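Trainee: I would like a close look at a single part of this protein. Please take me through it step by step.

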Amino acid sequence: VTTDEADHRKKNLVPAWRLEEIRAVTLTTHGKTARLTLGAATDAGQRPWQVEIDGAKFLASQQSVDQLLGTLEYATFERRVSGDAVSEAELGLASPVTVVTIDMGPKTFRLTVGGVAPTPKDARYCETEGNVYVITAQLAAALDMRPEALRTRAFVPYLSTELAKLL
């Protein structure tokens, strides 16, 4: 992370954001894990996201992926929690509600969302990069996306080459 990035993103939970370097995003919530990875390039040169849930691979909903990535890119904290304030168990981080791991270039960033914080209303504790923060209820809810929501909702693919796979 460069000095300029660190200064520019000092209120962000993810200290650097380089979309072109993201290799994978793993979301664990509601007792399930979804791992997003970029698929192979299509004939048009696009690389659609793939999602793996319970060992099965699916085409990802590009809109849901964009929503999750946008949330992560702009995720900020309300305030920092002192390291000696309370234990990890008291913050609910020992058994987190949501865990997001971002593989970006040579770096891996991990966000862990835990228990409810006293203020603001319904805020939650979040740990990343060894620091504990308080995040808003809105951000916690946006990160609490069900893994199934990352799957594409298309029942029948549009491309004739894809239809041939159904036979």
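Trainee: What covers the buried residues of helix 2?

Mentor: Start with the ground rules. This is a predicted model, where local features need pLDDT of at least 70 and side-chain atom pairs count only at pLDDT 80 or more, while totals for chains, interfaces and linings use all residues. Residues are numbered from 1 along each chain as its sequence is written, and side-chain values use heavy atoms, with hydrogens and water left out.

Now the helix. Helices (DSSP runs of H or I, at least four residues) and strands (runs of E, at least two) are numbered from the N terminus. Helix 2 has 13 residues. The expected span is 1.5 Å times one less than the number of residues. That gives 18 Å for helix 2, and its end C-alpha atoms are 18 Å apart, so the two agree.

Next, its two sides. Buried means under 20% relative accessible area, exposed over 50%, and partly exposed in between (1.4 Å probe, protein chains only). Ser-64, Val-65, Leu-68, Leu-69, Thr-71 and Leu-72 are the buried residues of helix 2. Look down the axis: they fall within an arc of 155°, so they line one face. The arc is taken from the directions that run from the helix axis to the C-beta atoms. Gln-63, Asp-66 and Tyr-74 are exposed on the other side.

Here is your cover. It includes strand 1, strand 2, strand 3, strand 6, strand 7 and helix 3. Contact here means heavy atoms within 4.5 Å.

Take Thr-71, which is found in helix 2. Its relative accessibility is 16%, so Thr-71 counts as buried. Leaving out residues up to four places away in sequence, Thr-71 touches Leu-139, Ala-142 and Leu-143. A polar atom of the Thr-71 side chain also lies 2.9 Å from the backbone oxygen of Gln-67.

Now step back to the core. A nonpolar core is a set of buried Ala, Val, Leu, Ile, Met, Phe, Trp, Tyr and Cys residues joined through side-chain atoms within 4.5 Å. The largest one has 33 residues, and Leu-72 is among those with the most contacts inside it. Helix 2 gives the most to this core, with four residues. Val-25 is another of the residues with the most contacts inside the core. Setting aside neighbours within four places in sequence, the contacts of Val-25 include Leu-68, Leu-69 and Leu-72. In general, nonpolar side chains tend to be buried together in soluble globular proteins.

Definitions and conventions: A polar contact is a pair of N or O atoms within 3.5 Å; within protein, one must be able to donate a hydrogen and the other to accept it, and residues adjacent in sequence count only if both atoms are side-chain atoms.
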